[in-house]
Amino acid sequence: MVLGREQLSIEFVNQALSGNRRSLAKLLSSIENGELDSNSIGLDGHDDDGTIIGITGAPGVGKSSLIEKLISHWSTQGLKIAVIAVDPSSPLSGGALLGDRIRMDSADSNSNVFVRSFATRNQPGGLPKSVGLAANLMRKCGYDLVLIETVGAGQSEIRIVSFADRVVLIESPNSGDQIQAEKAGIMEIADLIVVNKSDLPNAERSAMQITSALQISGSPTCVLLASAKTGEGVEELASQLLSIPIKMGAEVARARERLLAAWASSLLSREDISKIINDISSGEVDAEKWVLNNLRWYDE
Ligand SMILES: Nc1nc2c(ncn2[C@@H]2O[C@H](COP(=O)(O)OP(=O)(O)OP(=O)(O)O)[C@@H](O)[C@H]2O)c(=O)[nH]1
Ligand SMILES: [Mg+2]
């Protein structure tokens, strides 16, 4: 059942806040479908306290595998962890859905773990904001950490992780994505870079190459080696994630992405948006001129 906004009682929110997983799941579906915003849930803003962590990186670098390891590690410490996997099964790596894997691992039968997928389809511009809201809701529902997994392949994914307090970029040895990541601006917003698959050859060399590239660009981002396969470095990663400082400048880069996400979603939720797009595509209206004319009121 999909909840209509008007049907959604405050009781649902209260149930979720008091630990009811089904109510939380229903609220998350409504957020994903764009039926709820922070006002309709009555949710205050989130303090930037480092508890919402974005995990991004190219397809197949091992994001889900590392998250699985982190979850097992934190679960034994009694921490409650929620995960949002954005469009998790990339066709390139053919990775299994994170939720299924965690369930296979029987971690999800553990009430301290909540895994949720968010689909990117049918969400033009609205996805980043809804992921941010979902993460915030999960935090309020008592999860100590919320991890957001997203494939870091383009600008829209950067926008999604900009809603996290901290951003971790995962690389794999010789993935050759470093330059690509830099171009896409991921390096700018990442607080920590992890070279995963340290059990494979060339991992150390890749970490050193990344470190020296960062030094040249004057970036203070920390680089770690880890292996989701052997578990090497996972403990250190887990503890760094609990105490990771905000990298200077990353906040500004993230704030910019959040602003752009808010702007895109308010633009795309206009009632006349289809007409505007049709007019632009038929050449009747010029996109840049339209924006200039419709932004003018900001200056008044
Ligand atoms: N050798 C080795 N293989 C790994 C390691 N971590 C993950 N893999 C393998 O790499 C492949 C991709 O792992 P995933 O965890 O699905 O990677 P992902 O980044 O989540 O992939 P997408 O979500 O599809 O982008 C799988 O076959 C894993 O078994 C590692 O530390 N060492
Ligand atoms: Mg994955």
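This is a predicted model: local features need pLDDT of at least 70, side-chain atom pairs count only at pLDDT 80 or more; totals for chains, interfaces and linings use all residues.
The chain has 300 residues, of which 40% are buried, and its secondary structure comprises 14 helices and seven strands. If we take the contacts between residues at least 6 apart in sequence, 75% of them join residues that are at least 24 apart.

Let me go to helix H6, which runs over residues 127-140 and so has 14 residues, 13 of them buried, which means that this helix is largely enclosed by the rest of the structure. From its first C-alpha to its last, H6 reaches 20 Å, close to the 20 Å expected at 1.5 Å a residue. Just after H6 comes Gly 142, and this glycine takes a positive phi of about 100°.

Now to the loop residue, Asn 202, which is found between strand S6, residues 192-195, and helix H10, residues 203-216. Is Asn 202 buried or partly exposed? It counts as partly exposed, because it has 14 C-beta neighbours inside 10 Å, whereas a buried residue would need 20 or more.

Which residues does Asn 202 contact, once we leave aside its neighbours within four places in sequence? They are Pro 173 and Asn 174.

Definitions and conventions
Residues are numbered from 1 along each chain as its sequence is written. Chains are lettered from A and ligands numbered from 1 in the order in which they are written. Helices (H or I, at least four residues) and strands (E, at least two) are DSSP runs, numbered from the N terminus. The expected span of a helix is 1.5 Å times one less than its number of residues. A residue is buried if 20 or more other C-beta atoms lie within 10 Å of its own, exposed if 12 or fewer, and partly exposed in between; C-beta atoms are placed from the backbone. Two residues are in contact if their C-beta atoms, placed from the backbone, lie within 7 Å.
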